[in-house]
Amino acid sequence: MSIQRLSPELVNQIAAGEIIERPASVLKELLENALDAGARAIRVDLEAGGKSLIRVRDDGRGMTPEDLVLAVASHATSKIGTLDDLEHIATLGFRGEALASIASVATMRVTSRTEGASHGHGLTVEKAAEPVPAPHPIGTSVEVRDLFHRVPARRKFLRTERTELRHLQELVRRVALGRPEVGFELTHNGRALMQLPALPAEDAGQRVTALMGEAFAEAALQVDVEGAGMRLRGWLGLPTAARGQPDLQYVYLNGRMIRDRLVTQALRRAYADVLFKDRFPTYLLHLQVDPAQVDVNVHPTKHEVRFRESGLVFDFIQRQVGQALAHAGAAAPAGMPNSGPPVSVPMATPSGSSSHWRSAPLPLGAPDERPTASAPALPLAEATQLYGQEQMPRLGEAIAQIHGVYILAESSNGLVLVDMHAAHERIVYERLKRQYAQATIARQPLLVPVAVAVTPAEADRAEEGQALLEAVGLEVDRAGPEQLRVRSVPALLADADPEALLRDALAKLDEGAAGRAVESRVAQLLGTMGCHGSVRANRRLTSAEQTALLREMEQTPNIDQCNHGRPTWVELSTADLDRLFLRGR
Ligand SMILES: Nc1ncnc2c1ncn2[C@@H]1O[C@H](COP(=O)(O)OP(=O)(O)O)[C@@H](O)[C@H]1O
Ligand SMILES: [Mg+2]
């Protein structure tokens with residue numbers, strides 16, 4: 001075939017291939033247009049999973065008949081005019097090709113009316129179509145019918161009505177979560193699926209509760225921090241709200257929903273300290289960055305972005321979120337409605353637990369249910385400050401050690417149970433981190449160096465990682481092709497088994513070590529080593545030791561969870577006790 005120019009229609013169909021993958025991608029473009037037009041109320045009607053109809057009606061500024069014609073033409077946009085504009089994009093759209101692309105793969109009708117116009121105009125997109133007068137309130141409706149009917153190859157890729165609807169609903173959730181000030185309504189085959197009223201800024205939490213669920217709302221920490229020319233605000237799920245899949249993670253950059261690896265990684269890193277490895281944190285965050293610092297023109301769907309100063313953004317997110325989690329409670333949980341008393345963190349039920357007052361999650365707002373020991377209402381670090389010096393310490397007085405595992409204490413609220421091992425693990429880890437930060441992990445030389453038989457590969461790894469090991473207090477040298485010698489261990493871990501310490505450290509050195517930042521590898525090493533220093537289960541503690549552990553806990557950051565994300569203490573209040581015994585009824 002000789003070279004020919006493609007017809008404009010084919011050009012649009014090819015362009016559509018990039019952005020219009022399924023009904024949800026059409027809806028995304030239409031919703032973004034409505035938001036860019038300043039809509040305060042948006043209604044979405046769908047039929048057959050969006051395959052036969054997607055209709056979006058908004059009350060935004062609308063279009064004149066002349067603009068209607070341009071709107072559906074390719075490369076026509078009101079949002080940018082110059083290259084310079086492209087560098088400071090504040091709208092969701094800017095490519096000027098969504099409507100034209102959609103019209104090339106479906107039947108599209110746009111009806112619109114601007115303020116001051118006596119009536120609206122409608123345009124059915126076909127060759128040489130003209131806008132004709134049509135009734136419409138101020139705003140715009142875009143109707144997309146029979147998606148891909150002219151592109152059978154793509155139609156084949158559409159999934160069942162249910163699957164497409166799931167994608168459509170998730171999209172509306174994402175958009176609506178990012179814009180609580182806009183009302184959303186969604187119907188499918190004439191049935192109402194979502195009805196979200198527009199909310200004033202101070203009630204934004206209601207949208208979060210409605211869409212992310214009560215469980216998230218109850219264990220979420222509100223943040224609003226600024227620094228380095230950026231602002232981060234939103235909600236961070238506490239470790240107890242973590243999930244088995246990454247489905248409750250929402251990030252908006254300057255109002256645009258994004259799925260960005262850099263941001264996700266920074267958040268993972270921030271949560272790494274308080275979360276089990278295979279758990280996924282939950283969050284809803286708005287990041288505001290000077291638009292000139294971001295390139296959103298990386299990919300046609302604009303999910304990915306490029307930060308000009310990516311290191312700065314990464315550090316900002318990791319540090320701010322890490323700190324917020326560490327002082328958890330500092331800002332909690334204002335603006336979160338329906339969550340009853342301040343942050344109640346429903347405790348994950350420990351598996352295999354048969355104890356009856358632990359067996360159900362805390363029945364919030366259901367006072368007749370059986371009481372449950374629950375993780376603390378306020379993170380310990382903060383509660384301790386509130387309680388001050390003169391009163392009884394937050395964790396109270398140790399009474400007994402139970403089954404060699406738990407410490408029972410009487411607090412001014414009721415009963416406290418502490419998992420000794422979990423708590424101690426966190427204490428040791430935080431001490432190690434503090435020492436490391438001050439570049440002074442104290443080493444304890446071993447009287448007799450301990451020889452450890454290893455594989456040649458492990459020995460190599462230890463040699464390569466020698467500086468890292470020394471930084472965390474482990475002095476190791478090679479005694480032969482398959483032998484290492486531990487010369488000193490961190491003083492905090494003087495009682496630990498040097499060989500076990502080394503083996504765990506070697507395993508950590510191996511794990512995805514390549515390319516990881518030193519800091520995060522150090523944190524991993526310290527976390528692993530922390531376990532070795534902690535009190536073994538079944539060790540008898542004197543009553544002075546028990547009390548000392550409680551007091552130490554009160555001073556330790558992140559103490560509410562152990563290094564693996566398990567709770568370290570729970571409380572049963574006197575009110576819970578009364579209910580257990582049916583007192584005062
Ligand atoms: N719902 C709407 N309300 C008002 N104007 C709209 C609406 N949808 C589209 N437009 C106009 O049509 C133009 C083209 O839209 P689109 O093809 O999505 O490109 P882009 O959003 O990238 O500019 C927009 O720039 C805007 O001026
Ligand atoms: Mg657009």
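Predicted model: local features only at pLDDT ≥ 70, side-chain atom pairs only at ≥ 80, totals over all residues.
Helix 2 and helix 7 cross with a right-handed sense.

**Helix 2 with helix 7**

Helix 2 spans residues 23-36, and its axis lies 9 Å from that of helix 7, at an angle of about 25 degrees. Because angles under 35 degrees count as roughly parallel, helix 2 and helix 7 are classed as roughly parallel to each other. On the helix 2 side the contact is made by Pro23, Ala24, Leu27, Lys28, Leu31 and Leu35. Helix 7 contributes Glu164, His167, Leu168, Leu171, Val172 and Val175. By class, these residues comprise 9 nonpolar, 1 polar and 2 charged.

**Helix 7 with helix 8**

Helix 7, residues 161-178, also packs against helix 8, residues 204-212. Here the angle is about 160 degrees and the axes are 9 Å apart. Helix 7 and helix 8 are therefore roughly antiparallel, and their crossing is left-handed. Arg173, Ala176 and Leu177 of helix 7 meet Arg207, Val208, Leu211 and Met212 of helix 8. The contact of helix 7 with helix 8 has 5 nonpolar and 2 charged residues, with no polar ones.

**Helix 14 with helix 16**

Glu458, Arg461 and Ala462 form the helix 14 side of the contact, while Leu506, Leu509 and Asp510 form the helix 16 side. This contact of helix 14 with helix 16 holds 3 nonpolar and 3 charged residues, and no polar residue.

The angles and axis distances of the pairs are listed below.

| Helix pair | Angle between axes | Axis distance |
|---|---|---|
| Helix 2 and helix 7 | about 25 degrees | 9 Å apart |
| Helix 7 and helix 8 | about 160 degrees | 9 Å apart |

**Ring interactions**

A search of the whole structure finds 1 aromatic pair. Separately, a charge sits over a ring: the charged end of lysine 433 is placed over the ring of tyrosine 429, at 4.8 Å from the centre of that ring.

Conventions: Residues numbered from 1 in each chain as written. Chains lettered and ligands numbered in written order. Heavy atoms only, no water. Axes fitted to C-alpha atoms, helices over the stretch in contact; angles between N-to-C directions. Helix = DSSP H or I, 4+ residues; strand = E, 2+ residues; numbered from the N terminus. Parallel < 35°, antiparallel > 145°, perpendicular 65-115°, else oblique. Left-handed = near helix turned anticlockwise from the far one by under 90°. Contact = heavy atoms within 4.5 Å. Nonpolar A, V, L, I, M, F, W, Y, C, P; charged D, E, K, R; others polar. Phe/Tyr/Trp six-rings, centres within 6.5 Å; stacked < 30°, edge-to-face > 60°. Lys NZ or Arg CZ within 6 Å of the ring centre and 35° of its normal.
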